[in-house]
Amino acid sequence: MPEKRVAPVINSLEEFEQKLPGFIAPEKDQVVLLLDYDGTLAPLTEELSVMPKDTEINIKKLAANEKIFMVVFSGRELSEIKNHLKFPNVTYAGNHGLEVEYPSGKKFKIEMPEELLEKHNKLVAELKEKVVCSGAWVEDKKISVTYHYKGVTDKLKAKLIAEAKGLIQSHGFQLIETPYALEGKPRVNWDKGEGAKMILEKQFDADWAKNLKIIYVGDDTTDEDAIKVLHGIGKTFRVSELPTLKTYANYQIKTVEEVGWLLKAIQANYEKKKKI
């Protein structure tokens with residue numbers, strides 16, 4: 001089983017080109033790009049934000065490449081992320097892969113148990129009612145929930161954190177503590193890792209791991225589930241500015257802007273028609 005560790009940090013476009021030698025042969029390999037949106041392609045904000053211009057340009061170029069199968073993940077609803085981006089040739093995965101729509105228009109949706117959805121909605125409502133103030137906000141990921149408190153003053157922080165922890169645990173959710181945020185995950189066998197596997201199996205076949213060159217990029221604890229699934233199969237990147245972050249990923253990227261460098265390096269590989 002893979003273990004989390006502090007991954008090498010990539011700090012420049014040149015390093016991206018150096019760290020991926022021989023991974024993609026542009027003229028023959030089927031490449032899969034699995035990309036989280038909030039906090040990875042665009043800054044994480046309460047409402048959907050826009051991507052940096054260079055990232056948007058390279059996303060469009062890569063999505064138009066017939067040798068690339070691109071999936072954009074979001075914890076938000078499928079319709080929200082799709083209507084925000086409106087890119088053709090992209091597979092959209094909302095609610096961590098519970099809802100998926102392919103470029104062909106084909107869709108599938110996995111229904112979560114009604115009892116779980118009710119528990120989730122009650123937790124979200126209670127967090128918003130009781131601990132959203134002074135810069136704190138709740139990110140409703142539909143199957144999980146994150147309480148963000150980065151902007152809260154030190155005077156209020158301890159009290160709000162303690163109350164939010166109690167609410168998450170009282171509703172029967174698993175509590176995960178991260179810097180500046182608390183996450184509540186339902187105790188069910190579904191996460192981004194399961195979502196990624198299902199999408200790849202439906203698009204390709206059961207032997208997808210042997211036949212594809214996969215790159216995954218994400219910034220969240222929920223992304224670690226997918227990164228773990230892809231350990232030893234593809235190249236994985238975790239986006240975080242934390243200097244001692246432990247991750248299953250091959251590499252760490254510090255910022256959204258630097259994710260753009262990775263996409264630029266991949267696109268340059270096709271423009272130059274040489275291996276990276």
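## About the model

This is a predicted model, in which local features need pLDDT of at least 70 and side-chain atom pairs count only at pLDDT 80 or more, while totals for chains, interfaces and linings use all residues. Residues are numbered from 1 along each chain as its sequence is written, and side-chain values use heavy atoms, leaving out hydrogens and water.

## Two domains

The chain is divided into domain 1 (5-110 + 190-272) and domain 2 (114-186); these bounds come from an automatic or database domain assignment. Taken over C-alpha atoms, the centres of domain 1 and domain 2 are 26 Å apart.

## Where the domains meet

Here, 14 residues of domain 1 are in contact with twelve residues of domain 2, contact meaning heavy atoms within 4.5 Å. Domain 1 and domain 2 bury about 1,100 Å² between them, 63% of it on carbon and sulfur atoms. Buried area is the accessible area (1.4 Å probe) that two parts lose on being put together, summed over both. Of the area that domain 1 buries against domain 2, L44, E46 and T221 supply 33%, more than any other three residues.

One salt bridge is found across the interface of domain 1 and domain 2; the term stands for a side-chain nitrogen of Lys or Arg within 4 Å of a carboxyl oxygen of Asp or Glu. K185 also forms a salt bridge with D225, and their closest N and O atoms are 3.0 Å apart.

## Enclosed spaces

How many cavities of 30 Å³ or more are there? The count comes to three. On a 1 Å grid over the protein atoms alone, a cavity is a set of points where a 1.4 Å probe fits but cannot get out, and its lining residues have an atom within 4 Å of a point. Grid points are joined across faces, edges and corners, and a volume is the space filled by probe spheres set on the points.

The largest cavity holds about 100 Å³ of space. Its lining includes D36, D38, H96, K141 and D219, and divides into one nonpolar, four polar and seven charged residues. In this grouping, Ala, Val, Leu, Ile, Met, Phe, Trp, Tyr, Cys and Pro count as nonpolar, Asp, Glu, Lys and Arg as charged, and the others, Gly among them, as polar.

The second largest cavity has about 70 Å³ of space. Among the residues lining this second cavity are K185, D225, H96 and W190. Both domain 1 and domain 2 give residues to the lining of the second largest cavity, so it lies between them.

Terms used: 1 Å grid on protein atoms, 1.4 Å probe; cavity = no way out; pocket = protein on both sides within 12 Å on 5 of 7 lines; lining within 4 Å.
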